[in-house]
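Trainee: Could you walk me through the reasoning behind a few descriptions of this structure?
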Amino acid sequence: MTTRPFEPKILGFLCRWCAYTGADLAGISRTKYPPNLTAIRVMCSGRVDPTFVVKAFADGADGVLIAGCHPGDCHYQNGNHKTMRRVALLTRLLAQYGIGRERLRLEWVSAAEGDRFARIVQEFTAQLRQLGPLAWQQFVAAEN
Amino acid sequence: MEPHGNGAGTAQSTKAAKTKVAFYWCASCGGCEEAVVDLAEAILPVLDKVEIVLWPVALDYKLEDVRAWRRGEVAVAFVNGSVRSSEQEMWVELLREKCGLVVAFGACAHLGGIPGLANATTRDEILANKYQRSPTVDNPRGVLPQRDTRVDGAELELPELWHSVRPLDQVIDVDYYLPGCAPPPELIGKALLAILAGQLPQKGAVLTTDKSLCETCPRNPTKPAELRVERFRRIATEAPDPTHCFLADGFVCLGPATRGGCGERCIRGNMPCRGCFGPPPGAIDQGTKFLASLGALTAGETEAEAAAVAATMADPLGTLYRFSLPASLLRARRVAKEVHR
């Protein structure tokens, strides 16, 4: 059996107005980026409950990307600011669980930034390949 | 309603027979036992209806006695404390087999409780601290407790300490939960009477209200329409105003993410809610549910400002999961490169 290199699983929460449209633009522009990210479209990055993030890690994600509109551009005025504040606390919480800052990424991507979206996914994937699997079930849930 | 199992049902059928009740403790402090004692005269109406057949804190019963019980002979076991050793696992599995109903009694059995904070570190760290590093320990050979030991040719066996703490329902099937650290006597009394009368709620019910604590909090009227936390404050270093909503003043109060029904004992003692009743239904993770609401209400217009406010919350893990870390989605700290069996 040949051993294949580790391919991280990334869950991406993309806001419907900016980041998801940006990802769409990357797609229709045929910009290449790794297939490691599974996108979930949300109405606003402010909809992303920190519970979603810990559930993703607990259920096997190696990284989580939250992407929304640039500050000031939120379709709902300040949903992305709320996410920013939650993520600031969540990263401290995750650090205590042993999940480093480099596994949760918060990015602002406008609908016109297809290239930027592709670059973020490329960088994040490369970074997680370096870090290796999180394997939450194996390290925590399975042991007594 | 037909009670679950056959224990409660058979006990009701013959009028003279008393309902047999068992109490057991695992990793706990004894506060839950005290809560039973605190029932005081409230326990009198049920005393002629129940017979306590197991209660290690007060009565001398042996493992063999419990093994000799017929299946279903004992109507209900109230188990307090979290589970973290092979011996506790053996006991709760035995009680599950013999008793009609199992009630997780108190925050530790329900959610992991205070002993569950051990999941923020590792078994090896705990053992090293306790037996080797602590300045008051004299252990020149650095001996640690072992499961198997040979002494004078004899094999001795100690219970095995698990790597992490578990709430009761991660070890055995649990019928009901009596929340709280410790459960208030009113809730215990109500639960006992319901079980004796065979008026049982749906399996898996947490025997208190489904509403969050804020609904009944006496300070609720002082909560401003819009909360804004400029920095987090600690009761260890600052005294809260005895009438204000704690959150409005920046003190972490888990009320919004915690079930009510506790009688607001802490609030009346000028102590913010620490979350011992666990999350309300629908919230699968108490800590992140709290962050979902309060996290958005902190100050900061840039990432750097938000990070500066977040930095003022001391020990987020221990604060947001003070009683529920082993029941959280992530359950315990991950330790890289440590291989568990």
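Mentor: Gladly, and keep in mind that this is a predicted model. Let's start with what follows H1(A): A:Arg30, whose phi is positive, near 60°.

Trainee: What makes helix H1 of chain A largely enclosed by the rest of the structure?

Mentor: A residue is called buried if 20 or more other C-beta atoms lie within 10 Å of its own. In H1, residues 19-28 of chain A, 7 of the 10 residues are buried, so the helix is largely enclosed. Among the buried ones are A:Tyr20, A:Gly22 and A:Leu25.

Trainee: Which elements do the buried residues of H1(A) pack against?

Mentor: They pack against strands S1 (10-15), S2 (37-42) and S3 (63-68), together with helix H4 (114-131), of chain A. Packing here rests on contact, with C-beta atoms within 7 Å.

Trainee: How many residues does each chain give to the contact between chain A and chain B?

Mentor: Chain A gives 27 residues and chain B gives 32. On the side of chain A, helices H2 (50-58), H3 (79-97) and H5 (136-141) each give two or more residues. The largest share, 12 residues, comes from H3(A).

Trainee: How do you know which residues on that side of chain A count as nonpolar, polar or charged?

Mentor: By residue type: Asp, Glu, Lys and Arg count as charged, for example, while Gly is among the polar ones. Sorted that way, the side of chain A that touches chain B divides into 15 nonpolar, 5 polar and 7 charged residues.

Key: Residues are numbered from 1 along each chain as its sequence is written. Chains are lettered from A and ligands numbered from 1 in the order in which they are written. This is a predicted model: local features need pLDDT of at least 70, side-chain atom pairs count only at pLDDT 80 or more; totals for chains, interfaces and linings use all residues. A residue is buried if 20 or more other C-beta atoms lie within 10 Å of its own, exposed if 12 or fewer, and partly exposed in between; C-beta atoms are placed from the backbone. Helices (H or I, at least four residues) and strands (E, at least two) are DSSP runs, numbered from the N terminus. Two residues are in contact if their C-beta atoms, placed from the backbone, lie within 7 Å.
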